[in-house]
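The entries below follow the order in which I went through them.

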Amino acid sequence: MIKETLVEEIKNCEKLLIGIGEEWKSQEAEDIQVLYDKLLELIQNKDYFIVTTVTDGEIRKSSLHQKRIVAPCGNVTWRQCSKSCTKDIWEQGEIPDDICPHCGQPLTGNTIQAEDYIEEGYLPQWNAYTYWLSATLNKRVTILELGVGFQTPTVIRWPFEKTASINNKAHLYRIHGSFSQLSDTVKGKAESISENSLEFLRNL
């Protein structure tokens, strides 16, 4: 029943905010691209924005609208100087030897795991996201959290709860195999679905 309700809410909402968390790491699912395609089928005609904390870059290979995605924890397929001697960021393969052309140090993934994470890579999309989010107030918003736990709760989990709590027309669906609990601030405005989000989508 909850799945039918969710699909109906997505169909009828004005704005759709989606968070994708650690359950969606590609090493957890060989069919990750199939699942991204299935997500697209569900949301393709909606005014959506996706925030992801997954850094494997798989979402960048998907058919989802890339201008509607922000990855504030970075993307391992983008490269930066491991010593951050420059703010330059390169696409995968752009520097064939994976050595910084400025200082000769190895390149590393442009993610929060880097010794000194260069945030300039995601900031333009973050600005686009915050602009989009500002237009959701007093709109009918469905908030869909897929596999977001506590690795980086300040990026999706807590801000999404805040969005749900301050917007009277918002409704949050939190889907996670282990961490589907809801805070008191969103009681009555949210659904807790204790199921791995990948399995949930496979069976939708």
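This is a predicted model: local features need pLDDT of at least 70, side-chain atom pairs count only at pLDDT 80 or more; totals for chains, interfaces and linings use all residues.

**Notebook entries**

I began with glutamate 115, which I find in the loop between strand 5 (107-111) and helix 3 (123-134); helices (H or I, at least four residues) and strands (E, at least two) are DSSP runs, numbered from the N terminus. Glutamate 115 counts as exposed because its relative accessibility is 67%, where buried means under 20% relative accessible area, exposed over 50% and partly exposed in between (1.4 Å probe, protein chains only).

Residues are numbered from 1 along each chain as its sequence is written, and side-chain values use heavy atoms, with hydrogens and water left out.

Next I searched the whole structure for salt bridges (a side-chain nitrogen of Lys or Arg within 4 Å of a carboxyl oxygen of Asp or Glu), and the search finds 11. One of them joins the side chains of lysine 11 and glutamate 8 at 3.9 Å, N to O; the two are about one helical turn apart because they sit 3 residues from each other in helix 1 (residues 2-12). Lysine 11 is exposed at 54%, while glutamate 8 is partly exposed at 39%.

I then took the salt bridge between aspartate 98 and arginine 79, at 2.7 Å, N to O. Aspartate 98 lies in the loop between strand 4 (74-81) and strand 5 and arginine 79 in strand 4, so this pair ties together parts 19 residues apart in sequence. Arginine 79 is buried at 16%, and aspartate 98 is partly exposed at 28%.

In aspartate 184 and lysine 187 I have a further salt bridge, with the closest N and O atoms 3.3 Å apart, and both residues are exposed. I also noted one network, in which salt bridges that share partners join Lys15, Asp47 and Arg68.
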